[in-house]
Amino acid sequence: MNRKRALISDVFKVKKRRNGTEKFGAVDDGDGRVDVKSTLEFLMTLFPRKLFNDTLPPIVLKHQLYSIHNDKTLVDKEVNKLQESGELLTFQLGFDSEAFGLVFAADYKAKVLAGEEGRATRTTVEKFLEKVVSSCTDLSFSKDKMLREFLFTDPEITQLVKSGVLTVRDAGSWWLSIPNSGKFTKYFIQGRKAVLGMVKKAKYNEVLRAELEERRTPSQVKFPMKYHVHDIIGAELVESIPTTSGTLLRFADS
């Protein structure tokens, strides 16, 4: 991407993995598998719960896993296993077609139910969590599926949209969604833009990772710097280059 183009293009695009770009920090259990669940648990410790008054479940973006594990195919396979076992949920976050949020199912259900306390929609939401979320790995649902397979009525679907567990995808279908996650998306995009700007403003558009992670964060960055560093590396918005001084992050100018 040409450097003269607006930074916003860099912010939204999750770049395709380029051949020859070496990734560092990958770990596995010695026989080719990767411990994705432990990595997710680690990345979720970077999620700023207090920023959202502990109303959101910890959210990790799928591509953040690629900043730690080299083998994207193995990561995807392990993520799918966690989904199929009912431990993990995947969400289309809306700001990029290739950006997927990962949330542990138990955390999601707990936060959704806490938010429904005393609300008229609680019974319908409980039904949705039990019948749909506990047994289905889909990212979105058609009206036909909601009515015929899961046996929800039109008024109940309206309640689910109102509660925030569904959001409109297009006419007649809905995304599975995280209630009250709009602020997360806003702060995430704002922070990514600011952190990428810090890399671009550095000499030669590059900075040592350790130095970047220890920098004082500007007011636009609400999340821990390490959360954003895992994002920009995993999304390949920067390249990771080994040096004698440590890993160097260089703005990826495609």
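Colleague: Are Phe223 and Tyr227 buried or exposed?

Modeller: Burial is read from relative accessible area, calculated with a 1.4 Å probe on protein chains only: under 20% is buried, over 50% is exposed, and anything in between is partly exposed. By that reading, both Phe223 and Tyr227 are buried. Of the 254 residues of the protein, 49% fall into the buried class. Some conventions apply throughout. This is a predicted model, in which local features need pLDDT of at least 70 and side-chain atom pairs count only at pLDDT 80 or more, while totals for chains, interfaces and linings use all residues. Residues are numbered from 1 along each chain as its sequence is written, and side-chain values use heavy atoms, with hydrogens and water left out.

Colleague: What does the protein average in pLDDT, and where is confidence lowest?

Modeller: pLDDT is the predictor's confidence in each residue, on a scale from 0 to 100. The protein averages 88, and 87% of the residues score at least 70. Helices (H or I, at least four residues) and strands (E, at least two) are DSSP runs numbered from the N terminus; the protein has ten helices and nine strands. Confidence is lowest in helix α1 (residues 7-12), with a mean of 44, and highest in strand β1 (residues 60-61), at 98. Over residues 1-31 the pLDDT stays under 50. For that segment the model has 70 contacts (heavy atoms within 4.5 Å) beyond four places in sequence.

Colleague: How many aromatic pairs does the structure hold?

Modeller: A pair of aromatic rings is described by the distance of the centres and the angle of the planes. Rings of Phe, Tyr and Trp (its six-membered ring) pair if their centres lie within 6.5 Å; planes under 30 degrees apart are stacked, over 60 edge-to-face, and the rest tilted. The structure holds twelve such pairs. In one of them, the ring centres of Phe184 and Phe188 are 6.0 Å apart and the planes lie at 20°, so the pair is stacked. These two residues are four apart in helix α8 (residues 182-201), which means that about one helical turn separates them. Phe184 is buried, at 1% relative accessible area, and Phe188 is buried too, at 0%. The pair of Phe223 and Tyr227, by contrast, is edge-to-face, with 5.2 Å centre to centre and 85° between the planes.

Colleague: Which residues form one aromatic cluster?

Modeller: Phe47, Phe52, Phe184, Tyr187, Phe188, Phe223 and Tyr227 do. One of these rings also has a charge over it: Lys222 lies over the face of Tyr187, 5.7 Å from the ring centre. The criterion is that NZ of Lys or CZ of Arg be within 6 Å of the ring centre and within 35 degrees of the ring normal. Lys127 likewise places its charged end over the ring of Phe152, at 4.5 Å from the centre.

Colleague: Which residues have the most contacts inside the largest nonpolar core?

Modeller: A nonpolar core is a set of buried Ala, Val, Leu, Ile, Met, Phe, Trp, Tyr and Cys residues joined through side-chain atoms within 4.5 Å. The largest has 54 residues, and those with the most contacts inside it are Leu40, Tyr108, Phe128, Phe141, Met146 and Phe184. Helix α5 (residues 122-133) gives the most to this core, five residues. Leaving aside residues up to four places away in sequence, Tyr108 touches a set of residues including Pro57, Phe91, Leu129, Val165 and Ile178. Apart from this core lies another, of 18 residues, among them Val199, Val221, Ala235 and Leu237.

Colleague: Which residue has a positive phi of about 55° although it is not a glycine?

Modeller: Most residues other than glycine have a negative phi. Asn53 is the residue with the positive value of about 55°; its place is in the loop between α2 (36-44) and β1, and it is exposed, at 67% relative accessible area. Asn180 also has a positive phi, about 65°. Asn180 belongs to the loop between β6 (173-176) and α8 and is exposed, at 63%.

Colleague: Which side chain does a polar contact of 2.5 Å join to that of Asp170?

Modeller: A polar contact is a pair of N or O atoms within 3.5 Å; within protein, one must be able to donate a hydrogen and the other to accept it, and residues adjacent in sequence count only if both atoms are side-chain atoms. The partner of Asp170 is Ser173. Asp170 lies in strand β5 (residues 166-170) and is partly exposed, at 41% relative accessibility.
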